[in-house]
Amino acid sequence: MKRTWKAPVCCLAVVVLCGFSAAQVTFKQIAINSGDTTSNGITSGDFNNDGILDLVTVNAQTLSFYKGLGNGKYAAPVNQSLPQNLGQVVAADFNRDGALDLAIAQGCCSGSGGVVILFGNRNGTFRQGTNINVEGNNAVNIALADFNGDHLSDLAVSSYLGHTEVLTGNGDGTFKQSALIEDGGVQAVAGDFNADGHQDLAMTGGGNVALYFGNGDGTFKSTPVVANVNNVSFLAVGDFFNNRIQSLAVLTNDYDGAGDWAEDLYTLRYFNGQLQVANSMVITPSTGDPFWQLVGGDLNGDFKDDLFLAGGDFQGGAVSGYMIGNGDGSFQGPFSAPTYMDLQWYPFIRDLNLDSRHDVGMAWTSIFDSIGGEEMLWNTSSAQNCGPPKANPLHVHICAPTNGQAVGKTFTFRAAGNAFNGVAKRMELWIDGRKVGQNLEDQLRVTTNLPRGAHTASFVVVNTFDQFVSKSVSFTSSY
């Protein structure tokens with residue numbers, strides 16, 4: 001067995017989103033055994049309402065809760081039984097009782113797999129909710145968003161049989177179908193790809209990537225915008241063109257039958273009525289084993305979205321790496337990241353220890369040892385901007401300016417946000433009632449010229465479901 005450790009913005013004067021050099025990232029690796037034979041899904045959240053992010057993995061027959069202890073440390077997992085063959089898991093407060101709940105895809109290919117709903121008990125344990133039967137069963141993937149504008153948790157569920165069902169939340173832990181899209185079958189991801197304020201769906205399931213624009217009421221345009229990209233393995237959403245509009249990264253895999261993999265990375269954006277393939281590149285993992293999944297986020301702290309990739313070959317060869325975004329849809333790398341055991345699944349990017357650096361989490365499985373668990377890669381090197389607040393509730397921490405501070409003509413505003421129900425997907429800066437900058441992450445850093453006099457700066461954080469809070473400070477610009 002091989003184990004390798006290895007939008008333009010409005011302005012008062014001139015606004016610049018400040019970043020740093022495109023440096024590589026170093027990680028500290030921590031892996032915890034779940035005590036079960038495989039781990040197929042992972043999610044983060046404050047499941048015991050103490051303000052510290054915890055972890056949950058979905059294993060072969062159990063669900064593991066890893067209590068966050070702070071400073072990047074976790075307790076040994078506490079397990080509870082689950083039905084077998086569950087997969088991807090997402091977390092949100094589906095019944096609005098102040099506790100994070102879980103929605104788990106029941107897995108493909110059995111013909112009897114919907115979505116399992118578990119309600120949180122605020123202590124890392126969960127109780128059975130009302131499961132969701134989806135069209136054709138075989139739920140393989142879940143996208144979490146607010147599709148109808150009511151700020152409640154909605155789901156888009158991809159079925160292995162080739163369609164995507166949109167389920168809007170009722171706020172009591174139950175859901176109703178608002179759309180059935182006869183497309184997809186592998187994965188669907190949510191994002192506002194045309195910047196109209198409504199959540200859209202991008203999906204794959206055949207020889208293309210299809211983009212369906214949301215109407216803002218839980219329904220979607222009937223005709224998609226399509227990009228022909230073959231052998232798609234996974235989709236990731238991010239601000240890859242550094243224009244404050246979400247775009248797509250597409251990973252493809254092609255196996256030649258002789259043990260060799262051909263992998264490519266594409267970036268797609270909606271522009272001039274088309275889903276354009278803006279960049280493409282061949283990627284080669286250092287181990288020769290294939291990447292299967294990827295996720296977008298700012299890893300090196302330069303305010304340009306990067307990618308983290310994970311996978312393996314089912315024969316003792318896990319692989320992971322990251323690619324540094326250039327802000328124009330292209331990337332540097334892949335650079336190697338630490339790996340553990342044989343397979344790695346569902347990587348996510350989030351600041352888990354509140355040091356303003358984005359970390360990586362994922363589930364792992366050892367095929368030969370019949371074990372699984374969670375793996376964390378603590379980011380130890382990226383540029384730091386502003387430490388975020390605790391995860392409960394949705395909140396803003398302002399690092400600069402302080403209330404009453406006197407600043408010069410040019411000043412750099414810094415803040416961070418965090419969220420309990422979902423993640424902090426956007427931050428905005430408003431000065432004297434005018435929006436002067438934003439970032440599609442949980443960190444904000446904006447440098448601007450200021451007129452002389454007294455001002456008010458308002459920092460806004462928006463979560464997955466377009467719920468938002470703001471915090472303001474008064475300051476004076478004198479020169």
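## Briefing: cavities, a buried strand and aromatic contacts

The largest cavity holds about 100 Å³ of space. This is a predicted model. Strand S15 is largely enclosed by the rest of the structure, because seven of its seven residues are buried. The count of aromatic pairs comes to 14.

**Cavities**

- The lining of the largest cavity is made up of 14 residues. Asp 298, Gly 301, Ser 356, Ala 383 and Gln 443 lie nearest the centre of this cavity.
- By class, that lining of the largest cavity has four nonpolar, seven polar and three charged residues.
- The second largest cavity has about 30 Å³ of space.
- Asp 239, Asn 242, Arg 244, Phe 303, Lys 304, Asp 305, Asn 439, Leu 440 and Glu 441 line the second largest cavity.
- Five charged residues stand in the lining of the second largest cavity, along with two nonpolar and two polar ones.

**Strand S15 and its burial**

- S15 covers residues 163-169.
- In a regular strand, side chains alternate between the two faces of the sheet.
- Both faces of S15 are covered. On one side, His 163, Glu 165, Leu 167 and Gly 169 are buried.

**Partners of S15**

- Strand S14, residues 154-159, pairs with S15 in the antiparallel sense. Five bridges join S14 and S15.
- Within this pairing, Val 166 in S15 has Ala 156 opposite.
- S14 and S15 make a hairpin, with three residues between them. Gly 162 lies in the turn and has a positive phi of about 110°.
- Strand S16, residues 175-181, also runs antiparallel to S15, and six bridges join S15 to S16.
- Here Thr 164 is set opposite Ile 181 in S16.
- The hairpin of S15 and S16 has five residues between the strands. Gly 171 in this hairpin takes a positive phi near 85°.

**Aromatic pairs**

- By the rule applied here, there are 14 aromatic pairs.
- One of them joins Phe 47 and Phe 126, edge-to-face. The centres are 5.7 Å apart, with 75° between the planes.
- Phe 47 lies in the loop between strand S3 (39-45) and strand S4 (54-59), and Phe 126 lies in strand S12 (residues 126-128), so the pair ties together parts 79 residues apart in sequence.
- Phe 47 and Phe 126 are both buried.
- Phe 413 and Phe 475 also form an edge-to-face pair. Centre to centre the distance is 5.5 Å, and the planes have 70° between them.
- This second pair links distant parts of the chain, 62 residues apart. Phe 413 is in strand S34 (residues 410-418), and Phe 475 is in strand S39 (residues 468-477).
- Phe 413 and Phe 475 are buried.

**Aromatic cluster and charges over rings**

- One aromatic cluster is formed by Phe 27, Phe 308, Tyr 322 and Phe 335.
- Arg 269 has its charged end over the ring of Phe 241, 4.5 Å from the ring centre.
- The charged end of Arg 269 also sits over the ring of Phe 271, 5.3 Å from the centre of that ring.

Note on methods:
Residues are numbered from 1 along each chain as its sequence is written. This is a predicted model: local features need pLDDT of at least 70, side-chain atom pairs count only at pLDDT 80 or more; totals for chains, interfaces and linings use all residues. Side-chain values use heavy atoms; hydrogens and water are left out. On a 1 Å grid over the protein atoms alone, a cavity is a set of points where a 1.4 Å probe fits but cannot get out, and a pocket is an open set with protein on both sides within 12 Å along at least five of seven lines; lining residues have an atom within 4 Å of a point. Grid points are joined across faces, edges and corners, and a volume is the space filled by probe spheres set on the points. Ala, Val, Leu, Ile, Met, Phe, Trp, Tyr, Cys and Pro count as nonpolar, Asp, Glu, Lys and Arg as charged, and the others, Gly among them, as polar. Buried means under 20% relative accessible area, exposed over 50%, partly exposed in between (1.4 Å probe, protein chains only). Helices (H or I, at least four residues) and strands (E, at least two) are DSSP runs, numbered from the N terminus. Two strands pair if DSSP finds at least two bridges between them. Rings of Phe, Tyr and Trp (its six-membered ring) pair if their centres lie within 6.5 Å; planes under 30 degrees apart count as stacked, over 60 as edge-to-face and the rest as tilted. A charge sits over a ring if NZ of Lys or CZ of Arg is within 6 Å of the ring centre and within 35 degrees of the ring normal.
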